[in-house]
Protein chains: 2
Amino acid sequence: MPELRKDMLTGRWVIISTERSRRPDDFRPSAQAEIRRENLAFCPFCPGNEAKTPPEVYSIRDNDSKPDQPGWKTRVVPNKFPALTPGSLPPRKTRGSYQWMAGVGIHEVIIENPDHNVEMVDLPLDHLAEIIKVYRQRTIVIEQQLHYQYVQIFKNKGQEAGASLSHPHSQIIATPIVPKRIKEEVYGAERLFRNSFRECAICRQLREELQSGERLVFENESFVVMTPFASRFPFEMAIMPKRHSAFFRQIADEEITSLVEALKQALSRLKAQLSDPPFNLVFHQAPNPQVAEKAWPGIDYYYHWHLEILPILTKVAGFELGTGFYINPVPPESAADYLRKNEQPKS
Amino acid sequence: MPELRKDMLTGRWVIISTERSRRPDDFRPSAQAEIRRENLAFCPFCPGNEAKTPPEVYSIRDNDSKPDQPGWKTRVVPNKFPALTPGSLPPRKTRGSYQWMAGVGIHEVIIENPDHNVEMVDLPLDHLAEIIKVYRQRTIVIEQQLHYQYVQIFKNKGQEAGASLSHPHSQIIATPIVPKRIKEEVYGAERLFRNSFRECAICRQLREELQSGERLVFENESFVVMTPFASRFPFEMAIMPKRHSAFFRQIADEEITSLVEALKQALSRLKAQLSDPPFNLVFHQAPNPQVAEKAWPGIDYYYHWHLEILPILTKVAGFELGTGFYINPVPPESAADYLRKNEQPKS
C-alpha cells in the first residue's frame, strides 16, 4: 500500500509509492537503458494489446466493438502501477513526530488515440474534443466519491517531461487531500477577491491582457492563449476560459469546440517554432465541489479554472529546489511575440 | 536589467533574467548542441583562463600568486551571466494588476578546485573544508548588505542537474526578498515550536532518527546524514548539524571538519551505489540575521540550518508541477538501507 507522508516543516505531502516501487539497482544507467528498450519493443497501449492493461473503466468505441477489444477511439484504464490505490478515506496517523496516511486515491490513464505515432497536436479537432469530454466525464464520476478531494488532469509528453511510455496518453490522479499548491491558488484568489480587486483575479487579468496584447498568443470566442506575466519557464503558456467558472467540469459542449481550437493552436506553435519540445499539460481546477464549497464558501466567485502548457527547455536546478524561485531566461513578452509569428492553420 | 515578477495567485516570485537572456532560436536542438560543443571545447574556469571570468572577489591561493592569475586553490568570481545584478534595494512597482521589482541581487560562482576532472566527492577533506569556509565567508560578506535578505548556496552537478559548465563549481545567489519556500520552512518551524513541540522540530527529529536508526546513513561527532521521512526524490539525503543553530554562518572550524567528513560520506555513497548520478546540493539557512531577527523574533530558537542532497534519478512531471506533490518510488527506509551497505573509506 502506498503512503502519503507529510513534511513537518513545509506541510508538503509526498507519495511514497510502493506499487511502482523500484529496487535501488533499477536506477543504474544500464537498468534504465534496459527499461527503455523494453518500452520501445512493446506498447501495452496499442490496439490488440488491451489485455496488457487493467480492464478499461470507460471508452469511446465503435458500436459493434466490445470492452477491452480493439475498435476504440479513446480508452481509459486504471494505471497498472498506480501512485495511489482506491479505498475509503484513511485516518491520519503518526509515527513519532511524523504524520502519514494510507495512499488512497485514483490513478487512471487516458489512451488518447489508437495510433502510436499520432500525437495530440496532430489529432483532428473532433477527436481532441472527445478527449476533453472524457476528462470532464472522469472528473464528474471520480468526484462522486467525496473523499477524492482533488482531481489532477495532466499529460507528460516526451521522456524529458516524465513520460515513461511514448504512446500518446494523459493521466488523472485524484488525492484524498487538497494539494498544497491548489490551496495556495485558492487562498490567493480569495485574498485578491476580498481585499483588492472585488472581482475574480483571472477575469481582471484577462481584461488587461486582451487590452495590452503584449503576452497574447491566440484568442477565439471562448478562450485566450497567453504567456503568463510571471512565467516560470521559457514559452510557458496559459489557456484561460473567458467565461468565469471555478470548475472545469462545468464546461459546455460549445466551449469545448473553442477550447480544442485554442489547445491545437498552442501545441502547433510549440511544435513548429520550438522543434516539438517535451512538455507538461496541467489542469488547474477547484477542488471537488462538495468539499470546495464547504471549505471555501464563495469559491465559485473567485476561483477560475485554466490550463498550463509547460515546455521542457531548461533544467530545474539547485536554486529553484532551494528557494521555490524560478529563473526564466526568456521574457514572456518575447515568447508571445515569437509564438504569435507563425499563424497556424485552423485545423 | 533583470526583473523580479510576482505571480498574483500563489505569491511566487520569478526572475525574468535578461543578462542570461536567450533568443527563442537558441532553444532549437541544433543550437543547444552547438552551445554544448563550445562548452566542451573551452573551459573558462580552468587555470590560465582567469581573464575569461569577471575579476575574482575572493580566492584561496599560493602566497606568491596574484589575483586573476593561476596559483589558486578555490576562486570566487561574479557570474558572467548573472540571474540578478548588484544594486540598492529597488522599490516594488506595479504594471496594471501585476507586481514587479528590478532584479537586484548577487550571483557568484565558487570554482572549487583548479583540476577540471576532480569532482567534489574526490577532493581531500582539507580542501573540502576550505570550500565550506569560503561559503561561510561569502555569506557573512554578502549579508553585510541588509537588503540581501536571503543567501542561497547551491551546487548543480551534471547537465541533468542544471550545470551548464562541467568544471566543478558551486554558486551563491542572494535575493532582495525572502523566498517563498524559506518563509514556509521558517513559519512551519515556528508553528511547531510554539504550538506542538516547545522545542526545535529538527532537534526533536534528530533525536528520534538516531534512536530508530531506520533512515540513518552516517553519523559522526557533529553531523547526521539521513534520508528524510517525506523524501521527495529517491535517495534524497539531508545533512543535519547536531548542534542547534539557525545560521550556517555560525559554524565553527571544528564543526567544519565533521561536516566535510559527513558530506564526503554522503557523496561517496551516491557515487559508488548509484553510478555517480547528477545531483543538486542545497543549503537551507535562516534569512540574513538582521532581517530574520526582526521579522521572526526567536528564530534562533526554532530554525535549524541543514543541507539537502537531491540526486536526479527521476523526472519531475505534470502531476508534481500541478499539485506540488511529489511521487517517490523508493521508500526512504530502503534508500537508507542501500546507502548504508557499503561503508566508505574515511578519507
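Reply: Happy to! Starting with Ala51(A): this residue is exposed, with 10 other C-beta atoms within 10 Å. The scale behind that word is: buried if 20 or more other C-beta atoms lie within 10 Å of a residue's own, exposed if 12 or fewer, and partly exposed in between, with C-beta atoms placed from the backbone. This is a predicted model, where local features need pLDDT of at least 70, side-chain atom pairs count only at pLDDT 80 or more, and totals for chains, interfaces and linings use all residues. Residues are numbered from 1 along each chain as its sequence is written, while chains are lettered from A and ligands numbered from 1 in the order in which they are written.

Me: Where is the place of Ala51(A) in chain A?
Reply: In the loop between helix 1 (29-41) and strand 3 of chain A. Helices (H or I, at least four residues) and strands (E, at least two) are DSSP runs, numbered from the N terminus. The C-alpha atom of Ala51(A) is separated by 8.2 Å from that of Gln69(A), 18 residues apart along the chain.

Me: And Ala286(A), buried or exposed?
Reply: Ala286(A) is buried, with 27 other C-beta atoms within 10 Å. This residue is in the loop between strand 13 and helix 6 (289-295) of chain A.

Me: Which residues does Ala286(A) touch?
Reply: Leaving out residues up to four places away in sequence, Ala286(A) touches Val186(A), Ala246(A), Phe247(A), Ala292(A), Ile299(A), Tyr303(A) and Trp305(A). Contact here means that the C-beta atoms of two residues, placed from the backbone, lie within 7 Å. As for Tyr150(A), 136 residues apart from Ala286(A) along the chain, the two C-alpha atoms are separated by 7.7 Å.

Me: Let's talk sheets. What is the strand order in the one with 10 strands?
Reply: That open sheet in chain A has the order 3-4-7-9-8-13-14-12-11-10, with antiparallel pairing. Two strands pair if DSSP finds at least two bridges between them. At the edges are strand 3 (58-61) and strand 10 (216-219) of chain A, each pairing on one side only. Neighbouring strands of this sheet are turned by 15 degrees against each other on average, direction ignored. Such angles come from axes that are lines fitted to C-alpha atoms, for helices over the stretch in contact, and run from 0 to 180 degrees between N-to-C directions.

Me: How many residues of strand 13 of chain A are buried?
Reply: 6 of the 6, so strand 13 of chain A is largely enclosed by the rest of the structure. Phe279(A), Leu281(A) and Phe283(A) point one way from the strand, and Asn280(A), Val282(A) and His284(A) the other way.

Me: What does strand 13 of chain A pair with?
Reply: Strand 8 (residues 150-157) of chain A is joined to strand 13 by 4 bridges, running antiparallel, and there Lys155(A) has Leu281(A) as its bridge partner. With strand 14 of chain A, strand 13 pairs in the antiparallel sense over 6 bridges; Phe279(A) stands opposite Pro311(A).

Me: Which strands does helix 5 of chain A lie across?
Reply: Helix 5 (residues 253-273) lies across strand 10, strand 11 (223-226), strand 12 (237-241), strand 13 (279-284) and strand 14 (306-311) of chain A, at about 15 degrees to strand 11.

Me: Switching to the two chains: what rotation superposes chain B on chain A?
Reply: A rotation of 180 degrees with 0.0 Å of shift along its axis, at RMSD 0.0 Å. The two copies are thus related as by a two-fold rotation axis. The superposition is by least squares on the C-alpha atoms of residues with pLDDT of at least 70 in both copies. In chain B, Val316(B) has the C-alpha nearest the axis, 4.5 Å from it.

Me: How many residues of chain B are in contact with chain A?
Reply: 79 residues of chain B are in contact with 79 of chain A. Helix 3 (residues 180-197) of chain B gives the largest share of chain B's side, 8 residues. 100% of the interface residues of chain B are also interface residues in chain A, so the copies meet through the same surface.

Me: And which strands join the chains?
Reply: Strand 15 (residues 326-328) of chain A and strand 2 (residues 13-16) of chain B run parallel, joined by 3 bridges. Ile327(A) stands opposite Ile15(B) there. Both strands belong to an open sheet of 5 strands with mixed pairing, in the order 15(A)-2(B)-1(B)-6(B)-5(B).
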